[in-house]
Protein chains: 2
Amino acid sequence: MSDIPTATLGRVVTYVRVLEELEAQNVQQASSGDLARRAGVTPFQVRKDLTYFGRFGTRGIGYTVAVLRRELLRKLGLDQTWNVVIVGMGRLGHAIANYPGASDYQFRNVGLFDVAPDVVGREVRGLTIQHIGQLGPFVASVAGTPRQVDLGLLTVPAEHAQAAAQALAAAGVGGILNFAPAVLQTQDLLVSTPTGEREVTVENVDFLAGMKRLAFYMLGPQTGPTEEST
Amino acid sequence: MSDIPTATLGRVVTYVRVLEELEAQNVQQASSGDLARRAGVTPFQVRKDLTYFGRFGTRGIGYTVAVLRRELLRKLGLDQTWNVVIVGMGRLGHAIANYPGASDYQFRNVGLFDVAPDVVGREVRGLTIQHIGQLGPFVASVAGTPRQVDLGLLTVPAEHAQAAAQALAAAGVGGILNFAPAVLQTQDLLVSTPTGEREVTVENVDFLAGMKRLAFYMLGPQTGPTEEST
């Protein structure tokens, strides 16, 4: 499970979304071709990607939608609840805190943080925005209750991203989803675990990167992303 | 240029960001090791990724930061202006319309659209939000002036994503950056070009996908994404 290419993981997340759409339409069986068409990839790609996660489906019949969805969710860790704090309650932080889809995936906002005096103290969806100085005590207060803070969402300006990420690591938050247009220096982001220190796991979400990729694709004769050459 | 893997393109966009940071710090030369460390990849990966874009750097000296940045920007199409419309002016649409970094990359918002009566007519950064029914006439009005609408950002709820994407395609917008948690059926998204119809180019930006990848990485013993097996 540990050597799954990033691009495969991204596509499997898309297959889960497709399976949810099929389930909502009461479709019970689907072929790799059905999944491929809806996910915008080839049937071969679907079958290859799924081999990383186990053996699914029956030749000539295809996949049982509900079973494949449930198994993929479990292997992706999406059958458990992940507690999330958001650091940076500007417009993007607010947009995410209010995003209706997040709770479907067991991502639960448990804390909201900012530094601006006119933002701290406001309430969003039942949570009061706290000052970033409260992050450490807050994370400590929920640890082992049996909740804990699993993930931090960074939605601060680029120039504050590294410092805010260090505050999250110092508070013991082991995973960061970084929306700031800055490359975090992960060697400086260390979190203590029962087995020693480790670097915080960082995933970058950059919608400008998406625009840049799109601009590049629109330059050339091709009309879309190419398949990975794996 | 047309067979660059998606993951490579994503990393090269990161290298550009790193080069900008170095330039801001008045660093003039950088090795593949310098770039790799800041981008969180291996030096070999940097060198391999750059071969898709040309021959850069001098053995033993490294890359000239300003030159490499300028060449990559040109090859990525980021030395030209891309006009953008945003469809869906909820919180996420507002967050993007107000995002300060976008204009650095020659992405210029030229139109904002929504359907809600209490949103249409409001002003955001000098642009008045228009009703989606005005999208076709608006795109036609700017075409060949010499501006045109290059990209559409979809920030509508998932259940309206396909219809809004079809409105963009019908209006002649050839590229869509999709933020809605829905897989767009691109075979139904056709845009007319001087050489015939083609499918709209779609890039998906899904912050839940980022959270899902992060959740997966945090399940296992590994602490981050693996390299592509290319």
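This note sets out numbered points on the fold, the salt bridges and some local packing of a predicted model.

1. Basis of the values. In this predicted model, local features need pLDDT of at least 70 and side-chain atom pairs count only at pLDDT 80 or more, while totals for chains, interfaces and linings use all residues. Residues are numbered from 1 along each chain as its sequence is written, chains are lettered from A and ligands numbered from 1 in the order in which they are written, and side-chain values use heavy atoms, with hydrogens and water left out.

2. Overall content of chain A. Chain A has eight helices and twelve strands, where helices (H or I, at least four residues) and strands (E, at least two) are DSSP runs numbered from the N terminus. Of its 230 residues, 51% count as buried; here buried means under 20% relative accessible area, exposed means over 50%, and partly exposed lies in between (1.4 Å probe, protein chains only). The accessible surface of chain A comes to about 10200 Å², with 50% of this belonging to carbon and sulfur atoms; the areas come from the Shrake-Rupley method with a 1.4 Å probe, and for residues only the protein chains shown count as cover. Among contacts in chain A between residues at least 6 apart in sequence, 59% join residues at least 24 apart, a contact being heavy atoms within 4.5 Å.

3. The sheet of chain A. Six strands of chain A form an open sheet with parallel pairing, in the order 7-4-3-8-9-12; two strands pair if DSSP finds at least two bridges between them. Strand 7 (130-131) and strand 12 (201-204) of chain A are at the edges and have a single partner strand each, so one side of each is left without a neighbour in the sheet. Within this sheet, strand 3 (residues 82-87) and strand 4 (residues 107-114) of chain A run parallel and are joined by six bridges, and A:Val84 has A:Asn109 in strand 4 as its bridge partner.

4. Helices across the sheet. Helix 6 (residues 135-142) of chain A lies across strand 3, strand 4 and strand 7, and runs at about 155 degrees to strand 4 of chain A. Helix 7 (residues 161-171) of chain A lies across strand 3, strand 8 (151-154) and strand 9 (175-178), at about 165 degrees to strand 8 of chain A. For these angles, axes are lines fitted to C-alpha atoms, for helices over the stretch in contact, and angles run from 0 to 180 degrees between N-to-C directions.

5. Salt bridges. The structure holds ten salt bridges over all chains, each defined as a side-chain nitrogen of Lys or Arg within 4 Å of a carboxyl oxygen of Asp or Glu. In chain A, A:Glu71 pairs with A:Arg74 in a salt bridge whose closest N and O atoms are 3.0 Å apart; because these two residues are three apart in helix 4 (residues 65-76) of chain A, about one helical turn separates them. A:Arg74 itself is partly exposed, with a relative accessible area of 44%. In chain B, a salt bridge (3.6 Å, N to O) connects the side chains of B:Glu20 and B:Arg69. This pair links distant parts of the chain, with B:Glu20 in helix 1 (residues 6-24) and B:Arg69 in helix 4 (residues 65-76) of chain B, 49 residues apart. B:Arg69 is partly exposed, at a relative accessible area of 26%.

6. Helix 7 of chain B. The buried residues of helix 7 (residues 161-171) of chain B are B:Ala161, B:Ala164, B:Ala165, B:Leu168, B:Ala169 and B:Ala171. They cover an arc of only 165 degrees around the axis, which puts them on the same side of helix 7 of chain B; the arc is that of the directions from the helix axis to the C-beta atoms. B:Ala163 and B:Ala170, on the other side of this helix, are exposed. The buried residues pack against strand 3 (82-87), helix 6 (135-142), strand 8 (151-154), strand 9 (175-178) and strand 10 (190-193) of chain B. B:Gly172, which follows helix 7 of chain B, has a positive phi, near 100 degrees.

7. Strand 8 of chain B. Both faces of strand 8 of chain B are covered, with B:Leu151 and B:Leu153 on one side and B:Gly152 and B:Leu154 on the other all buried. Strand 8 pairs with strand 3 of chain B in the parallel sense over four bridges, and B:Leu154 stands opposite B:Val87. Strand 8 also pairs with strand 9 of chain B in the parallel sense over four bridges, where B:Leu151 has B:Gly175 as its bridge partner.

8. B:Thr14. B:Thr14 lies in helix 1 of chain B and is partly exposed, with a relative accessible area of 24%. Leaving aside neighbours within four places in sequence, B:Thr14 is in contact with A:Val183 and B:Ala39. B:Thr14 and B:Ala39 are 25 residues apart in sequence and 6.5 Å apart in space, C-alpha to C-alpha.
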